[in-house]
Amino acid sequence: MEELHLEYYLVASAIMFFAGVYGFITRRNLLAILISIELILNSVDINFALFNRFLFPGQLEGFFFTLFAIGVSACETAVAIAIIINIYRNIRNIQVKNLEQLKD
Amino acid sequence: MEYTLFIVLLPFLSFLFLGLVGKRLTPRAAGYIGTVVLAISTCLSYITAWHYFTTAKVDGVFEKLTPLNFTWLNFTEKLHIDLGILLDPIAVMMLVVITTVSLMVHLYSVGYMHGERGFQRYYAFLSLFTFSMLGLVVATNIFQMYIFWELVGASSYLLIGFDYAHPEAVAASKKAFIVTRFADLGFLVGILILSFYTGTFDFERLTSGDASLFAGMEGLSFMGCSVVSWALALIFMGGAGKSAMFPLHVWLPDAMEGPTPVSALIHAATMVVAGVYLVARLFPVYYLQAPDVLVLVAIVGAVTSLYAAIVACVQTDIKRVLAFSTISQIGFMMVGLGVSGMEGREGLGYMASMFHLFTHAMFKALLFLGAGAIIHAVHSNEMEHMGGLRKYLPITHITFLVACLAIAGIPPFSGFFSKDEILAATFHFNPALGAVMSLTAGLTAFYMFRLYYRIFWNKASHRDHAPREAPGSMTVPLTFLAAATLVAGFIPFGKFVTSDSAEYIIHLDWTVAAASVAVALIAIGIATLFYRRESPIPDRLASSLRGLHAAASRRFYLDDLYLFVTKKIIFNGISKPVAWFDRHVVDGAMNGFATLSQRVSYSIRGFQSGQVQQYVMVILLGVLLIAVLALFI
Amino acid sequence: MDYSNFIYLKEELSLIAVIVILLLYDIFGSKKSLNYFQPAACLLFAAHILFTCCPAGQTLAIFGNIPPADQANAAASVYPTFSGMYNLFPLGSIIKTILSVGTLIVLLQARDWLEEEQTRVRRGEFYMITLFTLLGMYFMISAGNFLLFYIGLELASVPMATLVAFDKHRNHSAEAGAKYILTAVFASGLLLYGISLLYGTTGTLYFTDIPAAINGSPLQIMAFILFFAGMGFKLSLVPFHQWTPDVYQGAPTPVTAYLSVISKGAAAFALVTILCKVFGNITEHWQPILFWITIATITVANLFALRQQNLKRFLAYSSISQAGYIMLGVISASATGVTSLLYYILVYIFSNLAVFGVITIIERRSGKETIDDYNGLYTTNPRLSLVMMIALFSLAGIPPLAGFFSKFFVFAAAVEQGYYWLVFIALLNTVISLYYYLRLVRAMFINKNENPVAAIRSDNYTRLGLLACSAGILLLGILSIVHGEIYRHAVGW
Amino acid sequence: MNFLSLFVLVPVLMMVGLFLSKNLTQIRAVAVTGASLLLALAVGLVFAYLGERAAGNTSEMLFAADHVWYAPLNIHYSVGVDGISVAMLLLSAIIVFTGVFASWKMEFLEKEFFLWFCLLSTGVFGFFISLDLFTMFMYYEIALIPMYLLIGVWGSGRKEYSAMKLTLMLMAGSALLLLGILGIYYLSGATSMNLLEIARTGVPAASQNWLFPLVFVGFGVLGALFPFHTWSPDGHASAPTAVSMLHAGVLMKLGGYGCFRVAIYLMPQAANELAWIFIILTGVSVVYGAYSAIVQTDLKYINAYSSVSHCGLVLFAILMLNQTAMNGAILQMLSHGLMTALFFALIGMIYGRTHTRDIRQMQGLMKIMPFLGVCYVIAGLASLGLPGLSGFVAEMTIFIGAFIHQDAFHRVFTIIACTSIVITAVYILRVVGKILYGPAADHQHIDAGDARWYERTSTIVLILAIAGIGLAPLWISDMISDSLLPIVQNINL
Amino acid sequence: MNISIQETVFFLLAAVIVVFSVLTVTTKRILRSATYLLFVLFATAGIYFQLDYSFLGAVQLTIYAGGIIILYVFSILLTNQQADEKLEKLRNSKVLAGAIAAVAGVGITLFLLLTHSFGPSRLEGGEVPVKVIGTALMGTDKYQYLLPFEVISILLLACIIGGIMIARKR
């Protein structure tokens, strides 16, 4: 047990986070972008759990934050998907390049 | 002697009255009101003169009286502009001269200006001028003098440009004002310097000979001259401008575009001698603090005098001749002041200068009024339209002749006495200068008689109808002034006006007198030879001295220089670039900021691409950048 | 387990009550009775505002739950409930009141739009979702714990996306909704990551406990930056602002209005709360960041705003730059700073809502929404033009309108803290902003137009809203009591 | 209620009256009544002031009143007058009065015109009665902004451009000013924004060095300080008559008054140290403005550049920091205000008849409209400093005052400034010669009549004032001079 | 080499997380992307279990794997005519920019994380009893979460209303 350091986990979660970021920036499909976001949120959840377990095991703050964050991200996803579906209904397409009508 | 206030105030009231309600009056009524008011003023000034010269003498010296003095404007504790009345011999003399000539001109104008448009306005302006001039001479302090100095300038401007529909008149009035304004700048700066060091404007204190006043200026010099010299030279510049001294005289010949009576009053008798009066007023200061400036005054006077006399010889417009003659004569007065000392015999120049001022006022006013009568008769200023007028205009002829003789310096006419004393003083000061002035006197006699002959003798030009003698309102002043010219020379002037206010008995310097009379006579002789009848000699002479003649006709190109300076240098050389700079560089910079913002605004529009991923990218980069900056720098 | 704690949530509870009543009304109301839905909703909400207005201390005293010793304190300082999860403080009540008033005006302005054929079926949802987001903001403001804060934030932003996409059959609206939700989620991801790092370095999420553990280590700074980025998104600060113009343009105009003032105001206040209460120990670290962000925000927004033709985009940039000015109050983080911040928000709400009110009605009646369309508006619609003008002048900070006072106060607060350069740049930017506000004034009053917008008869709700805004703009500055009252509560905070 | 506040209240009531009035007659009635009331108030104030002084009241400000307005920032509504403000109030009242008559015949939107005009007056009067930096600044901006619409709507020529430029430049100035004011207040550590209070506490010398330029330039922009004067030619050229009058006549004086009252009074050390920079600038602008005026062909441009020159002299004199020069500066403000108003009034009347302001297209107007011609000449003579008219008094006081400065540098610049009297003569006489004199050519012009009664009223009142000051300057000069004493003492401490 | 079970499990999970995270955002087929995400989520749940946060792991599995992924898959199927349609080719510049930004982000974050000294850290065993969780969710004391619990319920309600409003036909 002693060998497992907090840092190892943190590295994994950070990579997950920025993979999500990368995906957000590069993906062409709105749903794919949303999937990338899940990575981001998920990595944060891991962070909270990790910090709680490794550093501050006395209370369950991180634990509960993760719990609530999962719920919130579910909400976000639901609403986002609703909006995307709505776009799909409007223009029969959910490519992000079609979301460039509003610009300077 | 508080009633002297009314001498000054009455013309002002007349001005206000005529200016405000003049339009409702008939021209005749306006003329009479103006004349009558001035007549009262004149009487008062005569009374003042009598009163003053009989009572004001204390221990053989005329006292300076200030019947009235009140603070008009405070600057500092020490410096304040007062308005008041200072009576001393020269002030009283000037009061007499001004009111007399002005009265004559008022009277004369009733006839001369008859039927002119704006007759009421004319009288209003005349009153304004008289008021200003009177205010000037009774000034108790140099700033009061400056105030009225400006006012006479303005009224001169208004009167020269009286016929405003006439472009030449307008241009002349403008020129007169601007040139004298330029000179006044010197005057003002001079006042500033003087008052800064002495802490007073007051003539009485300045001329009291109290050296401690000038203690602050001691040892200070600027560009090799002491500061007090600078101050006084600058003040003299103001005087030189008003008195049309070379090279600031350019405005005066042009000022002849104004009505002739105005020329008589302002540009011959009164305003143009203000410069002389100024120097005379400050004479003790000049003499005690900056004798070098007095030399400058003398030299400028002499140069001007000679220059104007030469130019006068070739002018064809009779008023221009008289104008240059005026310039020349004022040069004499300046020379007189410049060569003068303080006391007794040394002070002859001063006394002579004032005397000449007095006599000159009479005969030059007479000459101008005579010229007015001639112009009135032939409707032209040009000599070639005249000739042989002596038959038609007898009174004018006689009076004009009297004036010519006076100015030529033939005894017993008044000009002889005054001019002769100036010459005497000049010879006493410097024989070479004396010789120059004698030559000038000779030239004077020559051009005056050239004028006289070409008007009244010579070949008559073609006329549609015979010229008629002027009406009584014009001949009365002529006669009066002629009489004055005749007797003025016998006034024992030294009893009244001297540099130290003490009596000084004039002794004619017979050698100088004889020489100058001789020169004058020779000059008259030559003029008779040339111009009494039509003669080819002048033309021949002119063509043989073509260069000189042409230069003299063009007034030695000084007017061209003036034009060059105003049009080319000030207008095109300074103002246009400045205006361009303002619009394009200064304003351009302000507009440039606006344009720049707009440009930037347009150039960054691509930044807002409408791509949500780019937005997020920017957020991310923003975070990273802030992190790098905040953590690693 | 002391459930009596809930009585301290009187603002939130009353708002929830309003929502629930509306929900039931919308579901169970008969077709006929639903005709009165909008007036009923507005009235209910107005009642809620009145209830909120009652000073906190007194209400609490009525319930008698605060020990007498604390009652004096309660008026001026923070009273933690739920053991610190939720903070009760008068300043919070004030900002909530301010936001509610703004929301009410938005609702009044939205009424005409909601009567439309397309939106009529969804108007119940509009009211509910709007009030839900407002509730989220309430929690954001009063939160004493990052968890509650985060949930409040999400409650304020996720349903907001559905509001933005409210005109769902309009492509622009849908696109704006998508942009909003995507950016919002990304930003909340950053914010969450920041909170997680903060938790990792301090070990607690309670605002009251964190300061003791804050030491300014690099990771904490990073946590702060990530957190700030999330808030920056809500406030649309540069460089987190780019969604703003697109969303503002695409969203239904009343929603844009709501987004530009209420949501921004709540975020600003929440930010200043956290900056003072949580990061108060490391001001020297965050102030430089805010400094540059503020400068960038004001300047960039102004540069973009200069050439906008579409009014809503134009106002978007204007509101970004206004956010920059709000940041002046935030960065000062003093009693005067917070007072000026609140006051600024209040005035900004009135001014911006007046502009949006006019734009809404004109857009609704004529379909025109570019600046050139407003040429010659004064000849046909003098009153609307006048309201618009005073609102624009107020935004630009021209006396004697309230905007002048609010700008002055934020500048004063910043100068008090020594931010001379910041204020200098902000002031120069006011000149640029004046230019573009004047462009609109010029269009209305000076430019000639062959076919100006026809004379418009606005409905009574809009009139009432505009009247309220105008009165606010004209009077707020002169009546110093509002400012004084805020300040009184800000001092002890 | 302090009776000084009536100066602000009357224009406000006028605005209400205008708002309620139905037709042109009522509008005029309200305007004339209000303007006369203001003039009467101002005259009454002069007598009351002199009476108080004669009775031995030596406090620095008379009729002072003070109400706390914004307590948190120590902002008070605080009014009071000394001789200087009395003089400026009188000037303003005269110009407002004559301005009303000069704009008797408006072509359109009369009500709006007078409304803005009254707002402008409110700002002007308020500025001069204020003792509090905040209210001073507020009134200052109130006075600025109506200019935009007054020029933009009722102006001529490139009015949009000019109006925008004027507004932006002046606002940029006021932006600097605001920073300066805030800096002064906070760095002085005074307990209120009251001028006298701050003067007592004093601003730290080190801060003065950067605050002084800010404030001086800030006010200087309005006082046409080179090189920030370029709004003036365009602005004046485009503005309608009464607005030009009020702007050049009074508004530009706000700049000079402010420089003097705020910059010099509160920051004497910096004034002493930094004056040389501004002396160079103003000295340049005195001569430069005059030279620029020579080549202009538009009457209003000529007068605008002339204003640059004359107002430059005001600032120049203020910077000499001695009683006499400052006295001259105030007198110059009065004098320039009156005569430039007269100029603009006349130009407006001439333009109304000839429909051109190009001096090359006018000739011989003296014959056609003698009254206007004579008035124009009088204005010109006043402008070139003829004794007996106000310009002389002011200029001479300035020159004397400036020249008694102990430093040779100042004296050299005084002489440079003096040269402007010649250049002024050049352009004044050029214009008079070109447009008034000469034969009347244009038939259109010949048919134009002379001044109507309202035009006569306006010009005669102005001429009376000019001549009044010119002929009997002592009372006003002493009144100003006495009030300068404390300020000068503050400088020389 | 002395590698414990714990470590083996961790490295396995970490590898799954890293590899499938990257694959999620790089694969050309969107359905695969969703599938890879599922793997990542499973691995995450695995970490929770490893940390003895079984409740959390269970929630993760039910909500994420059981709920959200299903939602995704349905949406993908709904919006794509051919479910395995390839994502369009990406522009290189965009990928490059994204990659650089992401790598820079990872770099900075890891640098900060790894240089930070997190007090004494140890992984202590000990399951969190569900009773404790339940009490904490229902309590109002410190470290008890009644209020957030209530608020998130409101959030859910709001999202339901909003989602329905957007998603329904009218």
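**Chain B, then the A–E interface**

Chain B holds 25 helices and 6 strands. Both are DSSP runs, numbered from the N terminus: helices are H or I with at least four residues, strands are E with at least two. The model is predicted: local features need pLDDT of at least 70, side-chain atom pairs count only at pLDDT 80 or more, and totals for chains, interfaces and linings use all residues. Residues are numbered from 1 along each chain as its sequence is written, while chains are lettered from A and ligands numbered from 1 in the order in which they are written.

The C-alpha trace of chain B spans about 110 × 65 × 55 Å along its principal axes. Chain B has 633 residues, and 59% of them count as buried. A residue is buried if 20 or more other C-beta atoms lie within 10 Å of its own, exposed if 12 or fewer, and partly exposed in between; C-beta atoms are placed from the backbone. Take the contacts in chain B with a separation of 6 or more: residues 24 or more positions apart account for 80% of them. Contact means C-beta atoms, placed from the backbone, within 7 Å.

Now pick one residue. Ile299(B) sits in helix α13 of chain B, residues 291-312. Ile299(B) is partly exposed because 16 other C-beta atoms lie within 10 Å. Gly331(B) is 32 residues from Ile299(B) in sequence, and their C-alpha atoms are 9.2 Å apart.

Next, the interface. Here 62 residues of chain A contact 69 residues of chain E. On the chain A side, α1 (6-26), α2 (30-54) and α3 (61-91) each supply at least two residues. The largest share, 21 residues, comes from α3(A).

Technical notes
Contact = placed C-beta atoms within 7 Å.
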